[in-house]
Amino acid sequence: MAREKRDNNFNIIRFVAAIMVMAGHMAYIGGYTLPTLWGEGIQALGVKIFFLIGGFLIAKSWESDSNPVRYMTKRVFRIFPALIAFTLVAAYVIGPILSTLTINEYFQSPLVRNYLRNILLFPAYSLPGVFETNPYPNAVNGSLWTLPIEFAMYILVPIILILAGKKKEKRYSFAFVSVITVVLCCLQMVKLLYHPEWRCVIYGTDIWAAMELIPWYLIGVLFTFPCMQKLLNIQVSILAAFLLSCLNPGSLTFCILKYVTFSYTIFSFALVEKPTFAKCFSQADISYGLYLYGFFVQQIVVYLFNKSSIVIGEIWLLVFCIGITCIIALLSFLCVEKPMQQLSKKILVRL
């Protein structure tokens, strides 16, 4: 299996995951049929891929440098600069242009100030008079709800690894993380199968929705252990994924096997011995930009097309949105993310 930092397929997987998220959102935004796989929307699987890979990479980052200040500096510079740039552009540049309100009415609305709470990872979705007539009305960016969960895992994963004592006793550490992961998976399966109506909102985030993603993050952590990586096999993963597709998506057996099979398939491809796509996006990882701007761009395109009475096929509409978002994501990387990464490295040298 591939072990070097750059000798893997993570970048291409994250790119595909971002496209999956956009494809699923296109159904809601454009009013089309939702594409599903293994009993759930394709966008949900895309988000879980992000969390699987995120858990792996965050655990590796902590393992390589467990200084809390340096670790959090890297995390803050990774997530916040592009998020701040997006929030300001949406609220103060694009929002006033697309709003049905006058400029004065727009900026006097408390929704504008409320939208800035996204910078503090408090999800806010609406801007005054924006996207009111879209098939999915009023939502500026429905993707932002996962970012508070992501940042929470930045904090929780090091705590779990410290308690597990990963650098001291591998077997104990693996067992400790495994038990926590299994308990959370079981709790989430009980909720999905028997109490799907449960809701508990804290700091603008549904905790039960977060609980659907957290186990995937911890499964990603488990794959940092050598004992898990030794089991990876791309041929076996393809067969397992095919067999899983033959089961009833609503059954308890399927829910259990999906945790195992889906994560096993992703990491078998990511850490394959000869990663064919290792160099893809190595100079410009635009996956975060795609995730940040995808929903927003799709809403804008649908709004403009509906306003001009332009009719376009579902697939071509998605392709058009992906193309535009890729350009914006590249600009985000070159103008915001990369400079901030370089700044963080200078700060880390001083630290």
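User: What makes up the lining of the second largest pocket, by class of residue?

Analyst: In this predicted model, the lining of the second largest pocket divides into 22 nonpolar, six polar and seven charged residues. The space in this pocket is about 910 Å³, and of the 35 residues that line the second largest pocket, Glu40, Gln43, Ala44, Trp145 and Glu212 are the closest to its centre.

User: Which helix gives the most to the lining of the second largest pocket?

Analyst: That helix is α7, which supplies five residues. Among the elements that each supply at least two residues of this lining are α1 (10-30), β2 (40-41), α8 (207-222) and α11 (252-270).

User: Why is the pair of arginine 14 and aspartate 285 called a salt bridge?

Analyst: The closest N and O atoms of arginine 14 and aspartate 285 are 2.9 Å apart, and a salt bridge asks for a side-chain nitrogen of Lys or Arg within 4 Å of a carboxyl oxygen of Asp or Glu, so the pair meets the definition. The two residues belong to distant parts of the chain, with arginine 14 in helix α1 and aspartate 285 in the loop between α11 and α12, 271 residues apart. Both arginine 14 and aspartate 285 are buried.

User: What links glutamate 40 to lysine 258?

Analyst: Their side chains meet in a salt bridge, with 2.5 Å from N to O. This pair, too, joins distant parts of the chain, since glutamate 40 is in strand β2 and lysine 258 is in helix α11, 218 residues apart. Glutamate 40 and lysine 258 are both buried.

User: Which residues are linked in a network of salt bridges, and how many salt bridges does the structure hold?

Analyst: The network links Glu40, Lys48, Glu212 and Lys258, and the structure holds seven salt bridges.

User: Which residues line the largest cavity?

Analyst: Leu83, Asn118, Leu121, Pro123, Leu144, Leu147 and Pro148 line the largest cavity, whose space is about 30 Å³. By class, this lining has six nonpolar residues, one polar and no charged.

User: What makes the phi of phenylalanine 131 worth a remark?

Analyst: Most residues other than glycine have a negative phi. Phenylalanine 131 has a positive value, near 65°, and its place is in the loop between α5 (110-115) and α6 (147-164). With a relative accessible area of 1%, which is under 20%, phenylalanine 131 is buried. Phenylalanine 281 also has a positive phi, near 60°, and lies in the loop between α11 and α12; at 26% relative accessible area, phenylalanine 281 is partly exposed.

User: What is the average pLDDT of the protein, and where does pLDDT stay under 50?

Analyst: The protein averages a pLDDT of 91, and 97% of the residues score at least 70. Over residues 1-5, however, pLDDT stays under 50, and for these residues the model has twelve contacts beyond four places in sequence.

Terms used:
Residues are numbered from 1 along each chain as its sequence is written. This is a predicted model: local features need pLDDT of at least 70, side-chain atom pairs count only at pLDDT 80 or more; totals for chains, interfaces and linings use all residues. Side-chain values use heavy atoms; hydrogens and water are left out. On a 1 Å grid over the protein atoms alone, a cavity is a set of points where a 1.4 Å probe fits but cannot get out, and a pocket is an open set with protein on both sides within 12 Å along at least five of seven lines; lining residues have an atom within 4 Å of a point. Grid points are joined across faces, edges and corners, and a volume is the space filled by probe spheres set on the points. Helices (H or I, at least four residues) and strands (E, at least two) are DSSP runs, numbered from the N terminus. Ala, Val, Leu, Ile, Met, Phe, Trp, Tyr, Cys and Pro count as nonpolar, Asp, Glu, Lys and Arg as charged, and the others, Gly among them, as polar. Buried means under 20% relative accessible area, exposed over 50%, partly exposed in between (1.4 Å probe, protein chains only). pLDDT is the predictor's confidence in each residue, from 0 to 100. Contact means heavy atoms within 4.5 Å.
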